Each structure stands twice: as C-alpha cells, then as structure tokens.
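Student: I am new to this structure and would like a close look at one part of it. Please take me through the charged side chains and what surrounds them.

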Amino acid sequence: MTAEALLRRMDVVGLEAVARALATADDSHAHWLDAAVRGVFLVYATQRDTAVQMCGVMVESADPVLRKGAAELRDILTEIDPILHPAGEN
C-alpha cells in the first residue's frame with residue numbers, strides 16, 4: 001500500500017504525505033490509513049516515538065490541512081503500544 005511505503009520512509013516527507021491524506025480522508029480511507037500507521041509503527045517504540053515528535057513539529061505548521069492531519073496522525077501513533085521498547089523501558 002502506498003501509505004505504508006510512505007510511512008516506512010521514517011521521514012518528514014512520508015509522514016507529511018500521510019498526514020495530509022488523513023486530513024482530507026473520508027471514513028473509509030481514514031480507516032485504511034489508520035491500519036497502515038498501526039501496522040508500520042507497531043514493532044519499535046523508538047520509531048513510533050520519533051514519528052510522534054515529527055508530528056509535534058508539523059502540528060505547528062502554518063498550513064491548516066497539515067496541522068489537522070498531523071494532529072490526527074499523532075493521535076493514532078500515541079494509541080499504539082509497540083512490541084519492542086529500548087532496554088530498561090516498558
């Protein structure tokens with residue numbers, strides 16, 4: 001899926017594209033995007049945490065579409081309890 005490929009980039013470009021898609025998605029598309037986010041960020045807590053931080057920056061954007069989508073993406077990410085956490089954490 002395209003959303004998964006964008007998310008697996010683990011960079012601002014991929015996250016921004018998915019955030020913009022979330023901001024304008026109907027319920028059906030939002031469901032698929034949600035599933036993609038959960039699938040990509042389910043394993044490593046460090047990757048999820050980095051994505052949450054990037055969303056925090058995007059939420060401060062002057063672009064209202066990006067702000068809305070980044071907030072939605074951050075909400076999804078913070079609901080995920082990844083399988084693997086750094087040593088000494090969990």
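Student: With which residue does Arg38 form a salt bridge, and how far apart are the closest N and O atoms?

Tutor: This is a predicted model, and what follows should be read with that in mind. The partner of Arg38 is Glu79, and the closest N and O atoms of this salt bridge are 2.5 Å apart. Arg38 belongs to helix H3 and Glu79 to helix H5, so the pair ties together parts that are 41 residues apart in sequence.

Asp34 is partly exposed, with a relative accessible area of 22%.

The side chains of Lys68 and Glu72 meet at 2.7 Å, N to O. These two residues are four apart in helix H5, a separation of about one helical turn. Lys68 counts as partly exposed at 43% relative accessibility, and Glu72 counts as partly exposed at 26%. Elsewhere, Glu16, Arg20 and Asp63 are linked in a network of salt bridges. The count for the model comes to seven salt bridges.

Next, the nonpolar part. The largest nonpolar core has 22 residues. Those with the most contacts inside this core are Leu7, Leu15, Val37, Phe41, Leu73 and Leu77. The elements that give two or more residues to the core are helix H1 (2-8), helix H2 (12-24), helix H3 (27-41), helix H4 (45-58) and helix H5 (64-79). In soluble globular proteins, nonpolar side chains tend to be buried together.

Not counting residues up to four places away in sequence, Phe41 touches Leu7, Met10, Leu15, Gln47, Arg48, Ala51, Leu77, Ile80 and Pro82. Arg48, one of these, lies in helix H4. Arg48 is buried, with a relative accessible area of 12%; the cut-off for buried is under 20%. The side chain of Arg48 reaches the backbone oxygen of Ile80 at 2.5 Å. Leaving aside neighbours within four places in sequence, Arg48 is in contact with Phe41, Leu77, Ile80 and Pro82. Leu77, Ile80 and Pro82 are also among the residues that Phe41 touches.

Arg74 lies in helix H5 and is partly exposed, with a relative accessible area of 29%. Apart from neighbours within four places in sequence, Arg74 is in contact with Val52, Cys55, Gly56 and Val59. Arg74 and Val57 are 17 residues apart in sequence and 10 Å apart in space, C-alpha to C-alpha.

Technical notes. Residues numbered from 1 in each chain as written. Predicted model: local features only at pLDDT ≥ 70, side-chain atom pairs only at ≥ 80, totals over all residues. Heavy atoms only, no water. Core = buried A, V, L, I, M, F, W, Y, C linked by side-chain atoms within 4.5 Å. Buried < 20%, exposed > 50% of the residue type's maximum accessible area, 1.4 Å probe, protein only. Contact = heavy atoms within 4.5 Å. Polar contact = N/O pair within 3.5 Å; in protein donor to acceptor, adjacent residues only side chain to side chain. Salt bridge = Lys/Arg side-chain N within 4 Å of Asp/Glu carboxyl O.
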